[in-house]
There are 2 protein chains.
Amino acid sequence: MKLTEAKKQFISSWGAFGTHWGINKTMAQIHALLMISPDPVTQDDIMDELSISRGNVNMNIRDLINWGLVDRVIIPGERKEFFTAEKDIWKVATQIIKERKKRELDPMLKLLDQLEDVDGDKKDKNVKQFVDTVSGIRKFGGQADKMLQVMVKADENWFVGSLLKFFK
Amino acid sequence: MKLTEAKKQFISSWGAFGTHWGINKTMAQIHALLMISPDPVTQDDIMDELSISRGNVNMNIRDLINWGLVDRVIIPGERKEFFTAEKDIWKVATQIIKERKKRELDPMLKLLDQLEDVDGDKKDKNVKQFVDTVSGIRKFGGQADKMLQVMVKADENWFVGSLLKFFK
DNA sequence: ATTAATTTTCAAAAAGTTTTGAAAATTCAA
DNA sequence: TTGAATTTTCAAAACTTTTTGAAAATTAAT
């Protein structure tokens, strides 16, 4: 397969993959394009490659920067701004995990904490099931939270690597 | 907080949480309702509790069954069908992981495999960056894949439990 | 077999999300 | 400063997804 075709396929499926996980398709596509671009690119480059509007590029680049996945790059002598993405996939993954944990997991765990001390008689089976379910999720979430913290802190892949050898 | 209010909050935030992960809000809400319901419920119960249409309940229940998260229950002497959800959160999580792996991760890894043997000179920096990025993602995905398989196979939580004690 | 209860389907409507593009704001070179 | 290049904003349009609800299909009791 030719590079042009392979790039197209990669960008398109990274976009589709993203949408399955609640990520805007264009945002994922821009991310894909930047990850396979050896050098920093401009907003116009992205507009051309993906055939999308300037506003769309601008907003999604902003989001990618907020997610910590893309950086603005100043190239001396160039008028335009350039953009580049982290290419080490381990770093990309830990960054995404860190952000999603902060944005979604942490607030959910906080809420579950509050919901757990609902009023009412624990002998009422409705109250009992509610408390059991909520506390089960909270405990599980707390464990996941700790595990993710460990993964995110580990600079290298040795942890998962050794784990997998052990269990292969 | 009263149970009625706590239930409302739980259902509503489980729905919102779901949408952030590409899950239909109503599907997540029905799942939430079933997880906190001590006894099996009917489609009409769900319509009333969530104020949604019969069609909506029916389609989303079907999806939940396909995801392996909800079961149809026949109650002797009852005309209507009843539904119930798995309440052990560890089982719920492994089931979700299993399905998402099958639906999303596996096909993506298959595609990356193909894309990796793109034509062209590896000394061309565009080809090189493409191959490096794709193979990096493929390797990482393969590792994640193996790790998830291990988690899903473990019937009990001893694995993660002991891991966390080790790292606490 | 008939019929009433229940479930399923799916086209159309509603709701939600994303994208566009032109105007406003900003930046930088002369 | 001035003005051309570039970036940002955001209301409206396009697109996508979800929901409704009534008709069709199915089920089970008589």
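Between chain B and chain A there are ten residue pairs in polar contact, counting pairs in which both residues have pLDDT 80 or more. A polar contact is a pair of N or O atoms within 3.5 Å; within protein, one must be able to donate a hydrogen and the other to accept it, and residues adjacent in sequence count only if both atoms are side-chain atoms. The model is predicted, so local features need pLDDT of at least 70 and side-chain atom pairs count only at pLDDT 80 or more, while totals for chains, interfaces and linings use all residues. Residues are numbered from 1 along each chain as its sequence is written, chains are lettered from A and ligands numbered from 1 in the order in which they are written, and side-chain values use heavy atoms, with hydrogens and water left out.

The interface of chain B and chain A also holds two salt bridges. A salt bridge here is a side-chain nitrogen of Lys or Arg within 4 Å of a carboxyl oxygen of Asp or Glu. One of the two joins the side chains of B:Asp39 and A:Lys125, at 2.5 Å from N to O. On the side of chain B that touches chain A, α1 (3–20), α5 (89–116), α6 (125–153) and α7 (158–167) of chain B each supply at least two residues. Helices (H or I, at least four residues) and strands (E, at least two) are DSSP runs, numbered from the N terminus. The most comes from α6(B), which gives 14 residues to this side. By class, this side of chain B has 32 nonpolar, 13 polar and nine charged residues. Here Ala, Val, Leu, Ile, Met, Phe, Trp, Tyr, Cys and Pro count as nonpolar, Asp, Glu, Lys and Arg as charged, and the others, Gly among them, as polar.

The contact takes 54 residues from chain B and 54 residues from chain A, where contact means heavy atoms within 4.5 Å. The two chains bury about 5200 Å² between them, 78% of it on carbon and sulfur atoms. Buried area is the accessible area (1.4 Å probe) that two parts lose on being put together, summed over both.

Chain B can be laid on chain A with an RMSD of 0.1 Å by a turn of 180 degrees and a shift of 0.0 Å along the axis. This is the relation of a two-fold axis. The same surface serves both copies, with 100% of the contact residues of chain B recurring in chain A. The superposition is by least squares on the C-alpha atoms of residues with pLDDT of at least 70 in both copies.

Next come the DNA strands. Of the 17 residues around DNA strand C, the nearest are A:Thr26, A:Ser53, B:Asn58, B:Arg62 and B:Glu81; a residue is near a strand if one of its heavy atoms lies within 4 Å of it. The largest share of the surface near DNA strand C, five residues, is from α4(B).

For DNA strand D, 17 residues lie around it, and A:Asn58, A:Arg62, A:Glu81, B:Thr26 and B:Ser53 come nearest. An N or O atom in the side chain of A:Arg62 is 2.4 Å from a phosphate oxygen of DNA strand D. Here α4(A) gives the largest share of the nearby surface, five residues.
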